[in-house]
Amino acid sequence: MTKQEALFKYLLRLGDTSLILAQRNGEWCGHGPFLEEDLALTNISLDLLGQANALLQYAAKVEDKERTEDDLAFHRNEREYYNHLIAEQSNGDYAKTILRQFFCDAFDFYFYSELIKSSDETLAAISAKSIKEITYHLRHSSSWVERLGNGTEESRKRMQDALDDLWRFTGEMFEMNEVDAVLIKEGIAIDLNSIKPKWDSKVKEVLELSTLKTPVN
């Protein structure tokens, strides 16, 4: 695999994850639990869509086959997307949506904080812009996990049900393949093993504050 091929697939993975999560969250537009939260999640969706646009635009440039970011976003079949599976999981109730967002936000926060150091200047610049938005996303989603986990008996049950359902998808976020190996050697990508302990610690902290029990498997 060449550096160009690896970078293209890497950008698709990142862009697709942001794109799919944005679309999932966008399904809540006009249906949020109250107006302020409806607007907050919509704004998060727009931030994710902006990240996806920047990443897929760069991917189209790297591919150099006269495709645009819109072509990559909307003119591939389902087998050609590389997003993390957690991003495409159904919204369920608001507890599930919030927990899905929290897991992704925690990953993105540590991931893009490191990707800023990438030897690829364009990728580093996208990361620098994204981390400002992701910092807010993480603060928002983690506060809601705590709020629902420590709320009523019903809200806590819904959060625990969401945790039991979504936990199995979290490990995939840290899986690496040949794409990562090629780009890590070039100083472009980051070793996901370096951020896993940070993600684990943050997730454990928030779940404990929320009185939620992490599934064994």
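**Largest pocket.** I began with the lining of the largest pocket, which divides into eight nonpolar, three polar and seven charged residues. I count Ala, Val, Leu, Ile, Met, Phe, Trp, Tyr, Cys and Pro as nonpolar, Asp, Glu, Lys and Arg as charged, and the others, Gly among them, as polar. The model is predicted, and local features need pLDDT of at least 70 and side-chain atom pairs pLDDT 80 or more, while totals for chains, interfaces and linings use all residues. Residues are numbered from 1 along each chain as its sequence is written, and side-chain values use heavy atoms, with hydrogens and water left out.

The largest pocket holds about 430 Å³ of space. Of its 18 lining residues, Tyr81, Tyr82, Asn83, His84 and Glu172 are the closest to its centre. H1 supplies the largest share of this lining, three residues. On a 1 Å grid over the protein atoms alone, a pocket is an open set of points with protein on both sides within 12 Å along at least five of seven lines; a cavity is a set where a 1.4 Å probe fits but cannot get out; lining residues have an atom within 4 Å of a point. Points are joined across faces, edges and corners, and a volume is the space filled by probe spheres set on them.

**Cavities.** I searched the whole structure and found two cavities of 30 Å³ or more. Helices are DSSP runs (H or I, at least four residues), numbered from the N terminus.

**Aspartate 108.** I then looked up aspartate 108, which lies in helix H4 (residues 94-115). Aspartate 108 is buried and has no salt bridge; arginine 13, the nearest side chain of opposite charge, is 11 Å away. Buried means under 20% relative accessible area (1.4 Å probe, protein chains only). A salt bridge needs a side-chain nitrogen of Lys or Arg within 4 Å of a carboxyl oxygen of Asp or Glu. For charge, Lys and Arg are positive and Asp and Glu negative, with His and the chain ends not counted.

Leaving aside neighbours within four places in sequence, I find aspartate 108 in contact (heavy atoms within 4.5 Å) with Ser113, Ile131 and Ile134.

Notes. Helix = DSSP H or I, 4+ residues; strand = E, 2+ residues; numbered from the N terminus. Buried < 20%, exposed > 50% of the residue type's maximum accessible area, 1.4 Å probe, protein only.
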